Amino acid sequence: MNDTSHPVVRSGILLGLIALLGTALLAGVNALTHDRILEQEKLRTMQQLNSVVAVGSYNNDLLTDKMEFSDEAYFRHPGPVTVYRARMDDKPVAALMIVTAPDGYNGDIRILIAIDVSGTVLGVRVISHRETPGLGDPIEIERSDWILSFNDKSLLNPRDEGWAVKRDGGDFDQFTGATITPRAVVKAVHNTLIYFKANNKVLFETASILAENNDR
Amino acid sequence: MTGSQLKQILADGAWRQNTGLVVLLGLCPLLAVTNTLINGLALGLATMLTLMVSNLSVSLLRGLLKPEIRIPAFVLIIASVVTVIELLMNAYFYDLFRALGIFIPLIVTNCAIIGRAEAFASRQSPLPSLIDGFATGLGFCITLVLLGALRELTGRGTLLAGADMLLGDGGQYLTLTIIPEHPGFLLAMLPPGAFFGLALLIAGRNAWQARSTSRSITTLVPDTNES
């Protein structure tokens, strides 16, 4: 008896062929689009970084001058903090830190904070969040100017008590119907400034992580 | 294929058997992404493309596919097609890809696609299958666009926000602010708004259908009286 004539075997082979064909197609398309997708992701990261640090103020390659560390006890989040270092002729200009505020209304809020060497905030942007649309999302630059209220702030301006939303006696506005979201962002920016002040030497002097990690 | 067959397929797919409003398949993406017109349009187009390619492939292979492996074969074909579309969108419409997020890969789970493969493409020749995919996709896409427009207008007072994600730079000038200083109507933007919006669309379609049916009856009656 010829095994390949058995209907189950024939169906199996056919299914295998279809799977093979599908895999070949995907491999082909993946090979065609892989570089472009990486390029797009890099472009997007650069756009985000350049929105908080002036393009002419540094002359190194931000994407490769990058380090990661994690400090769960301090940031109350297990994930890594990513730091891009902006330098002008090898002299530190600013640190662009991506930190996570763990206490948003709907969980994590990822924030990009640019701090210049003197400890002044150059700019803050929210990278991702799951806050309630319409209530918590004015933290996005696309929806309101609120996030710009961090520009030029530092640990001395305002002083400690000022680093809170107005309802808590601080300097920063809350939103109609949403206090938890802005409170989480203000707290994360403040914490990051304190961390930066204590560790800024380490942040700028730690060697960049390996080049292959920059693809992610 | 005759003209009347073609008309029949188009009318069935886009209106009589409209996936979103009559058959009620694929509601998960339909409800989830339609908070703006552009998001709805983008997912609608991606779904339409998937339907056409999957219908065509299934129809071409229909002679080979034994009943026992039909469903796994459909799933393989549809998953491959969707992944190709996902990769292409990621490469060429990056912002849109990010806006639609998980709902691009989830096109695989839209039962309308496997439904058309099973009910139509596995029994028909390639050309009618392709047209059926187009018509069904068109019906679904129109539903998504209408629901997206309804929710965007009531929720934000704009239309075509984010058109630059689909059309590139310059697209942002297409955004129409219909209601200036709109305070934002949260309910329309959140998931419940999608259910209300879809219910209104279904009710509207049913009312239209009922009216055109009763009208064709009333036009029939005088005819018989005259004769």
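Select strands β1 and β2 of chain A: four bridges join β1(A) to β2(A), and the two run antiparallel. Helices and strands here are DSSP runs (H or I over at least four residues for helices, E over at least two for strands), numbered from the N terminus. Two strands count as paired if DSSP finds at least two bridges between them. Within this pair, Lys66(A) stands opposite Tyr84(A) in β2(A).

This is a predicted model, in which local features need pLDDT of at least 70, side-chain atom pairs count only at pLDDT 80 or more, and totals for chains, interfaces and linings use all residues. Residues are numbered from 1 along each chain as its sequence is written, while chains are lettered from A and ligands numbered from 1 in the order in which they are written.

β2(A) and β3(A) pair in the antiparallel sense over seven bridges, with Thr82(A) opposite Ile98(A) in β3(A). Zoom in on the hairpin of these two strands, which has two residues between them; there Asp89(A) takes a positive phi near 45 degrees.

Continue to β4 of chain A, residues 107–116, which is joined to β5(A) by six bridges in an antiparallel arrangement. Select Arg110(A) and find its bridge partner in β5(A), Ser128(A).

Now display the sheet as a whole. It is an open sheet of five strands with antiparallel pairing, in the order β1-β2-β3-β4-β5 of chain A. Its edge strands are β1 (66–69) and β5 (121–128) of chain A, each of which pairs on one side only. On average, neighbouring strands of this sheet are turned by 25 degrees against each other, direction ignored. Then select helix α3, residues 180–205 of chain A: it packs on the sheet and touches β2 (81–88), β3 (91–104), β4 and β5 of chain A, its direction making about 145 degrees with that of β3(A). Touching means contact, that is, C-beta atoms placed from the backbone and lying within 7 Å. Axes are lines fitted to C-alpha atoms, for helices over the stretch in contact, and angles run from 0 to 180 degrees between N-to-C directions.

Zoom out to all of chain A. It contains three helices and five strands, running α-β-α-β-β-β-β-α from the N terminus. Its division is into domain 1 (3–43) and domain 2 (58–215), with bounds from an automatic or database domain assignment. The C-alpha centres of domain 1 and domain 2 of chain A lie 42 Å apart. The C-alpha atoms of chain A fill a box of roughly 90 × 45 × 30 Å, taken along the principal axes.

Finally, turn to chain B and select helix α1, residues 3–16, where Ile9(B), Gly13(B) and Ala14(B) are buried. They cover an arc of only 100 degrees around the axis, which puts them on the same side of α1(B); the arc is that of the directions from the helix axis to the C-beta atoms. A residue is buried if 20 or more other C-beta atoms lie within 10 Å of its own, exposed if 12 or fewer, and partly exposed in between, with C-beta atoms placed from the backbone. The face turned away from the buried side of α1(B) carries the exposed residues Gly3(B), Ser4(B) and Lys7(B). The cover over the buried residues of α1(B) includes α8 (126–156) of chain B.

End on Ala14(B), which has 20 other C-beta atoms within 10 Å and is buried. Not counting residues up to four places away in sequence, Ala14(B) touches Ala135(B), Leu138(B), Gly139(B) and Ile142(B).

Terms used:
Contact = placed C-beta atoms within 7 Å.
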